[in-house]
Amino acid sequence: MLKILIAEDEEPIANLIRMNLHKAGYQCIWASDGESAADLMDNEKFDLMLLDIMLPGINGYELMEYARTLSLPVIFLTALGSTENKVKGLKMGADDYLTKPFEIVELLARVEAVLRRYHKTETQINVFDVVIDIASRCVTRNGEMIPLTMKEFDLLLLLARNRNIALYRETIYETVWGGEYMGQSRTVDLHIQRLKKKLGWDNEIIAVYKVGYRLEGEGTEL
């Protein structure tokens with residue numbers, strides 16, 4: 001399981017991030033100040049750090065310099081949203097820069113993108129009795145192939161990587177189809193229905209009123 005260090009002094013934000021990353025299959029450790037984060041970096045191996053700039057004690061910029069010596073990928077998560085701050089963070093070597101407030105689904109996408117860049121992503125996801133092989137884009141149950149179209153596979157992967165999170169139709173459409181969502185389109189609903197039928201997941205993929213859909217349940221990443 002990939003391990004992520006969350007260096008964030010606001011406990012409610014840290015807990016929200018930690019809860020959702022855990023649901024997505026990551027192991028998370030929280031540091032509430034810069035010194036604690038530095039100690040953790042000395043004593044444990046992490047695959048990624050989510051780093052606030054305005055930390056007590058050692059600030060995020062100073063920690064960024066230390067993370068660079070350890071070749072630790074970093075995503076800044078901060079309320080400092082000016083272009084000057086973003087440019088400074090990226091020039092220091094940060095892999096991404098996300099301004100608060102942010103959507104959890106966007107954070108998960110950016111985490112995945114950075115980990116993929118460092119070849120640290122999972123190779124397969126197990127949800128219930130279904131195995132999603134990401135490299136081969138194959139989905140199986142008890143060794144038997146479940147035939148999915150390209151978009152159905154992308155939709156399943158999005159749901160599986162965001163288990164227990166309600167995804168807006170707009171988010172689903174823009175992520176899977178790559179275009180702007182038009183409210184009258186039933187593309188998402190039709191593909192969800194086809195996916196539920198092929199997987200036999202009538203009770204696992206839940207419609208969320210006035211929002212979109214959620215995949216309920218636990219899973220593992222390998």
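Guide: Let us begin with burial, for which a residue counts as buried when its relative accessible area is under 20%, and as exposed when that area is over 50%. This is a predicted model, and the mean pLDDT of the protein chain is 89, with 96% of its residues at 70 or more.

Visitor: Is Asn 85 buried or exposed?

Guide: Asn 85, which lies in helix α4 (residues 83-91), has a relative accessible area of 18% and is therefore buried, given the cut-off of 20%.

Visitor: Which residues does Asn 85 touch, not counting residues up to four places away in sequence?

Guide: With those sequence neighbours set aside, Asn 85 touches Tyr 61, Leu 80 and Tyr 97, and the side chains of Asn 85 and Tyr 61 are also joined by a polar contact of 3.1 Å.

Visitor: Turning to the sheet, what is the order of the strands?

Guide: The open sheet has 5 strands, paired in parallel in the order β2-β1-β3-β4-β5. Because β2 (27-31) and β5 (96-99) stand at the edges with a single partner strand each, one side of each has no neighbour in the sheet. On average, and with direction ignored, neighbouring strands of this sheet are turned by 20° against each other.

Visitor: How many bridges join β1 to β3, and what packs on the sheet?

Guide: Strand β1 (residues 3-7) runs parallel to β3 and is joined to it by 4 bridges, with Leu 5 standing opposite Met 49 in β3. Helix α2 (residues 34-43) packs on the sheet, where the helix touches β1, β2 and β3, and its direction makes about 140° with that of β2.

Methods
Residues numbered from 1 in each chain as written. Predicted model: local features only at pLDDT ≥ 70, side-chain atom pairs only at ≥ 80, totals over all residues. Heavy atoms only, no water. pLDDT = per-residue confidence, 0-100. Pairing = 2+ DSSP bridges. Helix = DSSP H or I, 4+ residues; strand = E, 2+ residues; numbered from the N terminus. Axes fitted to C-alpha atoms, helices over the stretch in contact; angles between N-to-C directions. Contact = heavy atoms within 4.5 Å. Buried < 20%, exposed > 50% of the residue type's maximum accessible area, 1.4 Å probe, protein only. Polar contact = N/O pair within 3.5 Å; in protein donor to acceptor, adjacent residues only side chain to side chain.
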